[in-house]
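These are my notebook entries on one structure.

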Amino acid sequence: QVQLVESGGGLVQAGGSLRLSCAASGGTFRNYAMGWFRQAPGKEREFVASISWGGASTAYTDSVKGRFTISRDNVKNAVYLQMNSLEPEDTAVYYCAAHGLATSVPRTGYNYWGQGTQVTVSS
């Protein structure tokens, strides 16, 4: 059983940056691909980015390519999402998730989820 705790959310002006962190415990971190998702008010949760166990492979939804970067530290059991050039449309609760297919960069089928951290981008 993997426990995930996100942090780093907050209020930022459009064009600004935030770095989200996700701390994992209770499992072998390198056995999991990791992902970030977000859910805006009134919308379904959507895939944002994913990273394979060693960090060699990453995937992004089109709307964040070139602005967001996912990374991980398998010593610290943590995954990060660096968000630059933030837009009001990025406002959402951001969730960290773990997937059992460690060598892939999946967009669905995640097994474990954190509680989320709020990101609000003002115009």
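**Strand pairing**

I began with Phe68, which stands opposite Met83 in strand 8. I take strands from DSSP as runs of E of at least two residues, and helices as runs of H or I of at least four, numbered from the N terminus. Strand 7 and strand 8 (residues 78-83) pair in the antiparallel sense over six bridges; pairing requires that DSSP finds at least two bridges between two strands.

Before going on, I note that this is a predicted model, in which local features need pLDDT of at least 70 and side-chain atom pairs count only at pLDDT 80 or more, while totals for chains, interfaces and linings use all residues. Residues are numbered from 1 along each chain as its sequence is written, and side-chain values use heavy atoms, with hydrogens and water left out.

An open sheet of four strands runs in the order 1-3-8-7, with antiparallel pairing. Strand 1 (3-7) and strand 7 (68-73) are at the edges with a single partner strand each, so one side of each has no neighbour in the sheet. On average, neighbouring strands of this sheet are turned by 15 degrees against each other, direction ignored. The axes are lines fitted to C-alpha atoms (for helices over the stretch in contact), and angles between N-to-C directions run from 0 to 180 degrees.

**Strand 11**

Which strands pair with strand 11, and in what sense? Strand 2 (residues 10-13) pairs with strand 11 in the parallel sense over four bridges, and Val12 stands opposite Val121. Strand 9 pairs with strand 11 in the antiparallel sense over three bridges; here Val93 has Gln118 as its bridge partner.

Buried is under 20% relative accessible area, exposed is over 50%, and partly exposed lies in between (1.4 Å probe, protein chains only).

**Disulfide**

I searched the whole structure for disulfides (cysteine sulfur atoms within 2.5 Å) and found one. The disulfide joins Cys22 to Cys96, with S to S at 2.1 Å. Cys22 lies in strand 3 (residues 18-25) and Cys96 in strand 9 (residues 92-99), 74 residues apart, so the pair links distant parts of the chain. The link is left-handed, with -75 degrees about the S-S bond. Both cysteines are buried.

**Cores**

A nonpolar core here is a set of buried Ala, Val, Leu, Ile, Met, Phe, Trp, Tyr and Cys residues joined through side-chain atoms within 4.5 Å. The largest one has 28 residues, and Met34, Trp36, Val79, Leu81, Met83 and Tyr94 have the most contacts inside it. Among the elements that give two or more residues to this core are strand 4 (33-39), strand 5 (46-51) and strand 8. Another core, of five residues, lies apart from it and includes Phe37, Phe47, Ala59 and Ala97.

**Two serines**

Is Ser52 buried or exposed? Ser52 is buried, with a relative accessible area of 4%, and is found in the loop between strand 5 and strand 6 (58-60). Leaving aside neighbours within four places in sequence, I list among its contacts (heavy atoms within 4.5 Å) Ala33, Arg72 and Thr103.

Ser25, in strand 3, counts as partly exposed at 38% relative accessibility. With neighbours within four places in sequence left aside, Ser25 is in contact with Gln1, Val2 and Gln3.
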